[in-house]
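Here is a colleague's note on the structure shown below. Please read it with the model open.

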Amino acid sequence: MPGFQKQATSLPFGQQVPLASVSGPTYVTAQLLVQQIAYQLSDKIFSYSPETFDLDASLKHWAAAGDKNIHDAVTDVLPLQSRTGAGALALGYIFSPDFDVTKRHIPQSLVAASGSLQQLRNSLDQLSLLYGVSSPLVAHVAAADYSASEGIVTDYDTPLRLAEDLGLGLVSSTSTYEAQHMSIFSTLLASLIPTLHVYDGVRVARETLRVVDALSQSGVADLYNKLFAEVGKLNKRLDTAGKVVELLKLFNDELGTIYEPFEYHGHETPDVVLVTFGSVEGQTAKQVLKKISADGAKAGVINVRVYRPFIEEAFLKAIPASARTIAVLGQVQNDTAVNDEAVQSALYGDVLTTVAFSDKFAEQPEVLDIKYTPSQAITPQGIVDTLHKIFDNGGESKKLPSLIQASEYTFWDVDDSATLNSAAAVGTALAKESRSNVYVYESYDNLTQGGIVRTDLRASSKALEAPYGVDAAEVVVVSDDRILKSVDVTKGLAENGSVILKLANFKEDEIQKRLPAWFLKALHEKAAQLHVLDISYSPAFEKEPQSTKLLFELAFLRIARPEVSSEEFSKLNRVEGHPPTHEECIDALNQCVRKVEVSPTWAEVDAEYTDPQLPSTIQANSFVAYQKEEVEEALELSDWQAVAKGLVFKEAYGTRTTLRPDLNVKTGTITVKENRRLTPQEYDRNIFHIEFDLGDSGLNYKIGEALGIHAENDEPQVLAFIESYGLNATDIVQVPSREDVNRLESRTVFQALRQNVDILGKPPKRFYEGLAEYATDEAQKKKLEQLAGAEGADEFKRRSEVDTSTYVDILEEFTSARPSFHDLLKIVSPLKRREYSIASAQAVTPTSVALMIVVVDWVDPKGRTRYGHASHYLSRLTPGTPVTASVKPSVMKLPTNDKAPLIMAGLGTGLAPFRAFVQYRAMQKAQGKEIGSILLYLGSRHQREEYLYGEEWEAYLASGVVTLIGAAFSRDQPQKIYIQDRMRQTVRDIVQAYIKEEGSFYLCGPTWPVPDVTAVLQEAIALDAKAAGAKKVDPVKEIEKLKEQGRYVLEVY
């Protein structure tokens, strides 16, 4: 009979669960519960699960078994690929003329990873526009994506920004325990707006744990049917946010829960409040803040459950009025975004706006954007360290004691081992005890030692909720001593803990030869015990892999649980389906397991000894073991002849030619038509107007959209680096596409450095870490590792923010680190496009597009003038130069009513989109159409130098296109005058245009004037209300209504 085998990491203990068995006390994963609800409530499920992610493993199993949903039909599960145009099948089905209208009320579901959302964007956008005649649609999104440099990462940034851009609802599950409830709530919310249900797809979705009150099939049906009937009875006068609040109340009343859009945990009168979104983030912060606030720390956390619509009143209700600092844990795409002050996390923007417009606080709290990347692990100690910095306590933060009461163990294995599934088998056996709660989580690193697997196992009499790794294991189990070459397994071992090491042909007098010095030294320092399992002492067990596996598991039970009983042995035998008797197992254990005395001499090391500083864990880069039969194609530098063959014999070589195949957006080649400086030559700010001829690029843009410029690195600097690094500029390199690793691109070395990689940009920490592997000089290697770790954080910050060191600077400094060109491409970040608001209307200039840009420059500590990559590149382009560009949508849109007034406030280059607005309205007026009034407020430092497009504005004013110009030149008089001052001086004009004539307000530029400018609008609302004799008008709420109507639009940075 075969032993215990796992079918998917998204299943509890890796095993399929019958649909009818998901009920009451049971072992589940969050992904299983999400699938259960999707299957039971949906007509069709469109699954965009990457092959190894197994987001739909149970869905396909239940459909194949013919299980019926609550609508008395077998749910149709359609596995689909994530590619351009994804989602079209779902749209075609929902809006088909043949669609059975009697099923229009039945939800349709998407199951996807967050990495698939960009391919689904267009379909979700179309669905949102046509939602009034659509079936309800909910997308269950596992926040998970693959990064070539970081492995498997938890991506929330993409769904958060997508929901904002497309007007989707967005609900979060913060733990496995509520995944079922939030899946149901999201499906109900989809009756109002298309909804994303987002949860951690890397850890929480795959943690096996015990839930005591899982709803059964009938329980799900009763709850959903009752609440679905109530959705239709919600007050029609309520806006979407109001309906969400009412629906959540109904949900709580039915289940006896206390879910809120924003949930506060911590001190009653905190000074510091964290704001988090995400499963691991929310649950970890909640546990930490409950613990430390009980010990007196004046801190708390708000977990965001309903992100869209963002219900500002609910947020303000949740946050204590005592808060002096609000720190938003906001995810951004990468390290570049973390270090770029101009980039804000999506969550920060909502919190900042809400707090800025609120009168709740006696003293306005400071709002911080604590940015982190999708690859950054959120741990309890990490939360404490963050709070320590916010409180500015000085020194190092205290080590946080364990937040849970459980026995904790860690298993380390290689992925081709017979014992690979042992941890899950042990967990399954322990879970058969009705009073026990077991937790199992696996992570795979397929790039280290040919494949290493880490499994954390917890057991407790209490419910377990710990979405973070074990860092103080009572027992660490190592199945192969090769693991000790790559991972310091003792860093996660508790003081006085035990290590079980499987070694073949073990001789105690050879231990110091066979095991590394750092390992033996660490065992002594932690007062640990060492147990060696040598199965060669039991030939009967050694011959059969399944017997080896069973003995390995029994050895763990004997050492980790000394009270092990015959019953527990038999449980494990039943799990493994193995024939050895209890007596045979005991006899084999006595022969094969030996306790080795930890000698004091192990702490004594040679003078030449150097601690290898191995990582304490692995970087997960897969959800399955590496398929070793696949052969990776070798990448090498070659000459032009290799490319010529590919071009001549395209079919044989699978060659295709495209424009910038490394980019994942639609691009076109446009040509510089005009490039003129707007500010005087002697002025210290170079602001310039650049216009491009669209030619046959096929690019089209709408008013208010942005142009993405794919800038190139500076040619002289690239050539200088090629020479210093000893490269040949014309050599051909085949590199995997960043969007499809199965597709190779042929580039010259020069092209790759000029167009593909950010070699002249600022390197993130991971570059130092990656470069350290290639350093041959020990001092340089140690320095690079220090800069990549916590010890070198301050120096790294100085290098990044003060010295603004580039990749080239670091490579020139650490001369012993010389990775090959292919390896260099792997550790240097790709070039990113830079987006600029378009300063023209295509209806007016159909063959061209214009931008207004300021050159970013500064002097570094070495006296070198440095420049912003894209602005410097564009400022030097001459007419006729081709440029690769793409178009990005924006929130800046003209009102559909041409007679609606425009009130526009632009600071500096923030005037760019308003030039397009005015151009278009001027064209309409010239065509004889009636247009609304235009109030233009602009701000800069000096009129003579920075009255940007001043002649155009004056001409539009003279011709009657622009009604009013409120120009604020802050430094042209002793007292500074800002844009809000000009608005306040003309507040009655604003009342007429904005309120009485129902105009739209737009602000483009930096964030700092937002509160002051908004205050003027609130004054205008109050002034109008007073004149009308209205008594109960709340200007803050009126602004919120205008925002929902699209009449209050901010594009700030």
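This is a predicted model: local features need pLDDT of at least 70, side-chain atom pairs count only at pLDDT 80 or more; totals for chains, interfaces and linings use all residues.

The numbered points below go through salt bridges, aromatic pairs, backbone exceptions and surface patches.

1. Salt bridges overall. How many salt bridges does a search of the whole structure find? The count is 51.

2. R161 and D157. These two form a salt bridge, with the closest N and O atoms 2.8 Å apart. Both residues sit in helix α5, which covers residues 157–166. They are four residues apart, about one turn of the helix. Is D157 buried or exposed? D157 has a relative accessible area of 6%, under the 20% cut-off, so D157 counts as buried. R161 reaches 28% and is therefore partly exposed.

3. K549 and E553. This salt bridge has its closest N and O atoms 2.9 Å apart. Helix α18 (residues 545–560) holds both partners. Again the spacing is four residues, about one turn of the helix. K549 is buried, at 1% relative accessible area. E553 is buried too, at 0%. Look at this pair when you assign charges.

4. R766 and D335. Here the closest N and O atoms are 3.0 Å apart. R766 is partly exposed, with a relative accessible area of 21%.

5. A salt-bridge network. Which residues are linked in a network of salt bridges? They are K783, E795, R798, R799, D803 and E813.

6. Aromatic pairs. The structure holds 29 aromatic pairs. Take Y768 and F796: the ring centres are 5.7 Å apart and the planes stand at 85°, so the pair is edge-to-face. Y768 is in helix α25 and F796 in helix α27 (residues 793–802). The two are 28 residues apart, and their pair links distant parts of the chain. Both residues are buried.

7. An aromatic cluster. Y156, F262, F277, Y307, F310 and F315 form one cluster.

8. A cis peptide bond. Most residues other than glycine have a negative phi, and most peptide bonds are trans. The bond from R308 to P309 is cis, with omega near 0°. P309 is in the loop between β14 (306–308) and α10 (312–318).

9. Positive phi at Q449. Q449 is not a glycine, yet its phi is positive, about 50°. Where is Q449 placed? Q449 lies in the loop between β18 (437–445) and β19 (452–460). Its relative accessibility is 30%, so Q449 counts as partly exposed.

10. Positive phi at A527. A527 also has a positive phi, near 50°, and is a residue other than glycine. The residue falls in the loop between α16 (517–525) and β22 (529–533). A527 is partly exposed, with a relative accessible area of 43%.

11. Helix α35 and E998. Which residues of helix α35 (residues 987–996) are buried? They are V987, I990, V991, A993 and Y994. E998 follows α35 and has a positive phi, near 55°.

12. D777 is located in the loop between α25 (765–772) and α26 (778–788). Why does D777 count as partly exposed? Its relative accessible area is 33%, which lies between the 20% and 50% cut-offs.

13. A nonpolar patch. L129, L130 and V133 make a nonpolar surface patch of about 320 Å². V133 is in the loop between α4 (117–129) and β5 (137–143). Is V133 buried or exposed? V133 has a relative accessible area of 54%, over the 50% cut-off, so V133 is exposed.

14. Recap for helix α25. Y768 in α25 pairs with F796 in α27.

Conventions: Residues are numbered from 1 along each chain as its sequence is written. Side-chain values use heavy atoms; hydrogens and water are left out. Buried means under 20% relative accessible area, exposed over 50%, partly exposed in between (1.4 Å probe, protein chains only). Patches are made of residues with over 30% relative accessible area and no salt bridge: like charges are joined within 9 Å, nonpolar side chains (Val, Leu, Ile, Met, Phe, Trp, Tyr) within 5 Å. Accessible areas come from the Shrake-Rupley method with a 1.4 Å probe; for residues, only the protein chains shown count as cover. A salt bridge is a side-chain nitrogen of Lys or Arg within 4 Å of a carboxyl oxygen of Asp or Glu. Rings of Phe, Tyr and Trp (its six-membered ring) pair if their centres lie within 6.5 Å; planes under 30 degrees apart count as stacked, over 60 as edge-to-face and the rest as tilted.
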